[in-house]
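Work through the exercises below with the sequence and the model at hand. Each task is followed by its solution.

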Amino acid sequence: MARTEELTFICTERRETAGPNNNWMSTSEAKDRLGRIFDGCMRGRTMYVVPYIMGPAASPFSKVGFELTDSIYVALSMLIMTRAGDVALKQLGESADFVKGLHSKADLNPERRFICHFPEEMAIWSVGSGYGGNALLGKKCFALRIGSYMGFKEGWMAEHMLIVGVQAPSGETHYIAGAFPSACGKTNLAMLNPPAGMEGYKVWTVGDDIAWMHVGEDGRLWAVNPEAGYFGVVPGTSFKTNPNAMRTIQSNTIYTNVLETPDKGVWWEGVDVPPPDQGIDWQGRPWTPGNGEKGAHPNSRFTAPANQNPSISPEWENPQGVPISAFIFGGRRAKVAPLVYQSLDWNHGVYVGASLASETTAAAVGQVGVVRRDPMAMLPFCGYDMGNYFGHWLEMGKRIPHPPKIFNVNWFRTDENGKFLWPGFGHNLRVLKWIIGRCDGTAAAVESPIGLLPAEGSIDMTGLELKKGTMQELLKVDPADWKQEVESQGAFFAKFGDRLPAGITEQRKALLRRLERQAAEGLGPGAADRAGIAAGSSLT
Ligand code: OXD
Ligand code: MN
């Protein structure tokens, strides 16, 4: 039903390569342990051999993989999620440069379940699970864990980011890539419909989960979506919350762990139609409405072809990708993070991404409202030491002559009664418009210790009226909250030990200095200078 992070390993010669952010097993131990489980496990079954491409066919950035599997679900899903078959064999030609993926359901026993990655030899061995995130090896395993390691070695970036094109009424389109931890509305943002008052805009989906990005000859960063389909969460998906997703999943779609209706249809909690009188629940048991069980598992999924999405970008298969104007990082924060702010420069933006955090929701087991740090939303997916990963980000800043501007967003700020201050969904386009305005130099901003905030009136509110004072509340930077936040960030970064780049530590100190200066300025003009607190890095 879900990814099993505790059974997911990075397997390398040396433990240091994997870093404190990954479970580690030595290459030889992993092959020995898993080899014994794999031995004979497909006897009497059909083995499928799936050659596939991650990335558009004929793109210089695409890479080929093979997956051997004994799961028909995996084989068919790979045909949806990747460009598979002949096209991949043609692309590979005589080359031996491909990622070797081995998967078996074996006996589906959690005691004998392992998802092992061998970045040093471009191989993935996954056994004992049939869940997409563990078993569709092109996605998280290849495109992110192996991909991030390749990017580190080869000078490009594999990120857990959606990619959208925002077309203005003038016809001009800007591309934005965004990283969000799970349960932050990434798929909805990737398929956003403009709100009332912004009908002249159009949002195009390039990708909903993963971006592979290279520095182009023009000095900008260009992104391709390595996938060809969507592996999305079903419950809560409806014509009200995400009409484009609903239209995408009407046909050629594989559903897992949903309710089966008597006419062999599917149903789930949160869809626009009432439940059937009876059905078979996600565990295969008879189900009736109100019997106290969920019909669909909260993480039930659809696998659907991207080209069925009504908002699919005309550029989504462009072999060169699309040029990225802005990165956005976003988490679920009831307090602390304003609706949107811009980083002061690339390095500060890397810090903003590295300190990304989100509060846990009822959708996952465990305590609700606990802040979890998830740098660049990559904590479960970075295939090597995350300190080195931060270093790679800082390094990329020097290699991109015209880098994307970096922003942080928070759709989830609440008032004192715990009610969301921002309507979210289509209205998030108002924030994207401000972000694009910043990239174009047309939207106004004001300085704050944490970065640049929208100047009053600079967010387009045509067609949306908020209660008086709400926008101020959404954009508030509370010094006490932020002092605590910076402390919590420091405790998190300490875990990376001496692998943490100096650039990250410097950014944290500079942020602290700017906050202290602001606090002192609250004491009256000149107080900061008298207290000897230096100004933060220059605002350019
Ligand atoms: C996913 C995930 O399935 O991030 O995309 O877990
Ligand atoms: Mn994801």
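**Exercise 1.** How much area is buried between domain 1 and domain 3, and what percentage do carbon and sulfur atoms give?

Solution. The model is predicted: local features need pLDDT of at least 70, side-chain atom pairs count only at pLDDT 80 or more, and totals for chains, interfaces and linings use all residues. Residues are numbered from 1 along each chain as written, chains are lettered from A and ligands numbered from 1 in written order, and side-chain values use heavy atoms, without hydrogens and water.

Step 1. An automatic or database assignment sets the domain bounds: domain 1 (5-154), domain 2 (162-225 + 317-533) and domain 3 (230-308).

Step 2. Buried area is the accessible area (1.4 Å probe) that two parts lose on being put together, summed over both. Between domain 1 and domain 3 this is about 760 Å², with 74% from carbon and sulfur atoms.

Step 3. On the domain 1 side, Tyr-73, Ile-80 and Tyr-131 lose the most area to domain 3, together 64% of what that side buries.

**Exercise 2.** How many salt bridges are counted between domain 1 and domain 3?

Solution. The criterion is a side-chain nitrogen of Lys or Arg within 4 Å of a carboxyl oxygen of Asp or Glu. The count between domain 1 and domain 3 is zero.

**Exercise 3.** Which residues coordinate the manganese ion (ligand 2)?

Solution. Step 1. Donors are N, O and S atoms within 2.8 Å of the metal (3.2 Å for Na, K and Ca); water is not among the atoms, so sites may look incomplete.

Step 2. Lys-140 (NZ), His-160 (NE2) and Asp-209 (OD) coordinate the ion at 2.2 Å.

Step 3. Their spacing in sequence is K-x19-H-x48-D.
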